[in-house]
Amino acid sequence: MRRAAPPPQPKMAALKHRRTALERVEKFISEVYFTDCNLRGRLFGDRCPAASLSCFQTPRRIPYDEAVRQEFTPAKVGDSFGPTWETCWFKVELSIPPTWAGREVHFVWESDGEGMVWRDAQPVQGLTKEGEKTSYILTSSLKETEPHSMTLYVELACNGLFGAGKGSMIAPPDPDRRFTLTKAELVIFNRDVYELLVDLEILLDMAQLLGEENQRSFQALYTANQMVNVCDVSDPSTFPAARDLAAAIFSQRNGESQHTIHAVGHCHIDSAWLWPYEETIRKCARSWVTVVRLMECNPELTFACSQAQQFEWVRSWYPGLYAQIQDFVAKGRFIPVGGTWVEMDGNLPSGESMVRQFLQGQRFFQEQFGQICSEFWLPDTFGYSAQLPQLMRGCGIRRFLTQKLSWNLVNTFPHHTFFWEGIDGSRVLTHFPPGNSYEMHGRVEEMLKTVKNNKDKGRVNHSAFLFGFGDGGGGPTQKMLDRMKRMSDTDGLPRVQISTPDRLFSVLEKESSQLCTWVGELFLELHNGTYTTQAQIKKGNRECERILHDVEVLSALALARSSTFQYPTSELQRLWRLLLLNQFHDVLPGSCIQLVVEDALRYYAGEQGVWMGEHWVLAGGAPESTLVLNTLPWERTEVISRTGPAGTETLGMSNSCIRISSRGRGGWQRNILPPPEDGSITMENGVIAVCLDSMGRLTSLHLVGSERESVPEGCYANQFALFDDVPLYWDAWDVMDYHLETRKPVTTLLKPLEISLAGGLRGSASFSLQIGKSSTLTQEIILDATCPYLRFLTQVEWKEAHKFLKVEFPLLVRSTNATYEIQFGHLQRPTHWNTSWDWARFEVWAHKWLDLSEHGFGVALLNDCKYGASAHRNVLSLSLLRAPKSPDATADMGHHQFTYAVMPHRGSFQDAGVIQCAYNLNFPLHPVPASSAQCPEAWSSFSVSSPAVVLETVKQAEDSPGAMVVRLYEAHGSTVVAWLRTSLPVQEATLCDLLERPVAGGCLPLEQRGIRLSFTPFRVLSLLLVLRRDATFSHLDNLEERPELKW
């Protein structure tokens, strides 16, 4: 009897414990565990060493043509090269085995330096292990007709992606670091294994990150688990079935309401930071040539790129690469953004410097690519001035992207997409990528964070996602793109589309009706030590801004005065571009290594030698007289000094003098008496009166004829204070709030106050202090005849470590707000710490002045090169010097000279002329030798009828050699009509924007009183003045008929 076959066993459902299933998939794709039998271990097939490897080392960064002519010596994998900042060129001879026919072949290069592959005399691929780029694809499928033998060159920089910090990223560079070559070989790349690894990586991330409460998490996990079951790593024929399982998950679509992420390739490259400027040129080439290779293989890839300076570097040094970039720009894929020369600091450059950042940047992009940028792009700067919206709008930009405020230490900024309104009322659409980064990697975690973080849910449903390695360069990778392709429209994840900045902002503009508005500055609650660090760089910046201002004014007027004068157009452009380069957001703030500081100071030194005063020397006769050049738009009566033929200094001015005396018991004395026992000295010049103690501190300060005291009883103004300055991590960047708990008044007297000049046109007294353990300060306190402020000429020998020096002025003034000058205007900040938003501003920035006023009276602090400041309750403080040790161990060490001043005033600071006095301190008069026979008593080229309006700039027009551009701004915060008068032969006057493009309907009539201009608070106006070249230029016409402020 035949037995019946047993019934088939039912298929058992797999037991899927979540943790074990997750870890199973993790191990299957691990780079560490079970690589002998997992999928990751099959990524590469056979390997073949280079047929020959030789090298040449140089301390210089040399071009390819020079490098390949050098003598190369044998090298091998495992060799080390250096020291830091050297360059090694490798000649690599390769021979692909014929048995690799039909296979994808890569040249793999791994070292801890940054490399560039050169082939056929052109750069073709950047190689940086830190940027996940260690291979160059030789062929995707080796054919018989393709060359099997070839020679490549690899240029290896002896520095990493982030320089060569000793022990930590931001530590000073290790000068003796060696860089090791660990791989140089040919490999077979198994593309099918790679694709399967990316599938599993995405599914694993979905399973882990969507959470146990989400069904898609389990669907992704179970699919990945089944893929492991299906896949036999030793049998590639099983891979397609596994990939089909993944495709089924990725093809399940989202609903219509899902958030859309606009992914844009990006590579933020600091123009200098932990490496010098010269290395940045190579970083740009390494990063951008890699982007070009990716674009050739991925037609959807777009890449946003800022900083005209970096384009110019590549244009000059890598013309072949630049031609490829131009081609992709024309196709709309390599996208210039930002519109500025560099990604500059957003706080410290002057208003005119910020205009020139846009002017130079936008003109470059227009000339090179036939387009200007419509988005301002500044993702990594340490705060953003409230004047930026107006400057953007004036340069053709209505959109702004950054993310740096996500670094706030205290308060979380409440928006990611909003309108930002500046001090003049200008608004720009602003977007912060909600992922809070400009160097995403295309991971599931980052997509989910972007959606979750978005502070404007319900208002907008689109956001930016900038992907690519950054700061030190690197840019996007193929894996980032492949990840996002799988997430383009997958249920459970936001939609991801490769996009452009224009596409993103166009959608946001359509959704903008419900957006909120943020008014005023975007203050970063971190990195406020950068207002003070590297004081010499900040001084160089202020001085060169002044020099270029003066040279442009004098050159423009010389051009109008003489038909033979050649305006130094190209030289001024060169100097401006150097200044703008140094305003990069890790240079001017001082957060850079010593090599960068040395470069910056060398650039400043070159600009400080420029002077145009010789064009105003009036020929004829001996120079027995002095012509005084005033480059500011108002009359000035000041003490001036001139060095005579014998080297002696003489002072001159109108018949005013000051009195200086020691204070005896009898009160104010007009003559010099032996100092009393307490060593105090009084000064008075008919405008202000001051009493100083033996340590140079002010015990009294008041206006002559007024009983209103400025210094509270028992307090000392001009009090130096030293603070401990040890931040949490970012040494050169940060001053922490707790430093205020460590205040130590400086009271060690080396030389008591003594009279230096006893009166006449100038009186002064000097003293010396010891600061800390090793530093000294010498100060000359100067009062000039008729001057409304007291100057403090200060010299410091600074040798401290992690200390912070300030000078304090406690004042007999009560106000809940202090006023600070910013670009083309001013703003107020609270003097109290009521809220976290208030006390987070314990250290702020200002330009030439800050002021504390109550109704009818106030006191201003002026300075010639400082930016850090604070005002808490009734104390104004000016931050003078820091001593961080990273990334520059020598930061601020050495000699410093700077000047600040204190100015008591009646009424408002506007009516008292604080703004003008701060300009006077920063823009000294220029005495020039001249013949008395031909020296006019006075001549004014421009005058403005209202003290509320400052004529900031006079320059030759960029595109019209026969025209001038003048720029004015309203400085008081008022609505006013002002008349601009000029003695120059103006034929036509037209309003123009900051790019010097005429404004529609902007033609202005030339009236008897001049040119009528209407201002609202803090408005900046630019005028294009066309001159009559055939006119007779007379600098003596109508001098007595113009009593207004004069230039």
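Student: By class, how many nonpolar, polar and charged residues does the lining of the second largest cavity have?

Tutor: The lining of the second largest cavity has 2 nonpolar, 8 polar and 4 charged residues. Here Ala, Val, Leu, Ile, Met, Phe, Trp, Tyr, Cys and Pro count as nonpolar, Asp, Glu, Lys and Arg as charged, and the others, Gly among them, as polar. This is a predicted model, in which local features need pLDDT of at least 70 and side-chain atom pairs count only at pLDDT 80 or more, while totals for chains, interfaces and linings use all residues. Residues are numbered from 1 along each chain as its sequence is written, and side-chain values use heavy atoms, with hydrogens and water left out.

A cavity is a set of points, on a 1 Å grid over the protein atoms alone, where a 1.4 Å probe fits but cannot get out; lining residues have an atom within 4 Å of a point. Grid points are joined across faces, edges and corners, and a volume is the space filled by probe spheres set on the points. By that rule the second largest cavity holds about 70 Å³ of space. Its lining consists of 14 residues, and T128, K133, R286, S287 and G474 lie nearest the centre. Two elements, β8 (122–127) and α6 (277–297), each supply at least two residues of this lining; helices (H or I, at least four residues) and strands (E, at least two) are DSSP runs, numbered from the N terminus. The largest share, 4 residues, comes from α6.

For context, the structure holds 5 cavities of 30 Å³ or more, and the largest cavity has a volume of about 280 Å³. Of the 24 residues that line the largest cavity, S350, E545, K848, F923 and E952 are the closest to its centre. The lining of the largest cavity draws at least two residues from each of α9 (351–369), α14 (535–561), β36 (817–822), α19 (914–922) and β46 (949–956). Among the contributors to the largest cavity, α14 gives the largest share, with 5 residues. By class, the lining of the largest cavity is made up of 8 nonpolar, 8 polar and 8 charged residues. To return to the second largest cavity, the corresponding counts there are 2 nonpolar, 8 polar and 4 charged.

Notes. On a 1 Å grid over the protein atoms alone, a cavity is a set of points where a 1.4 Å probe fits but cannot get out, and a pocket is an open set with protein on both sides within 12 Å along at least five of seven lines; lining residues have an atom within 4 Å of a point.
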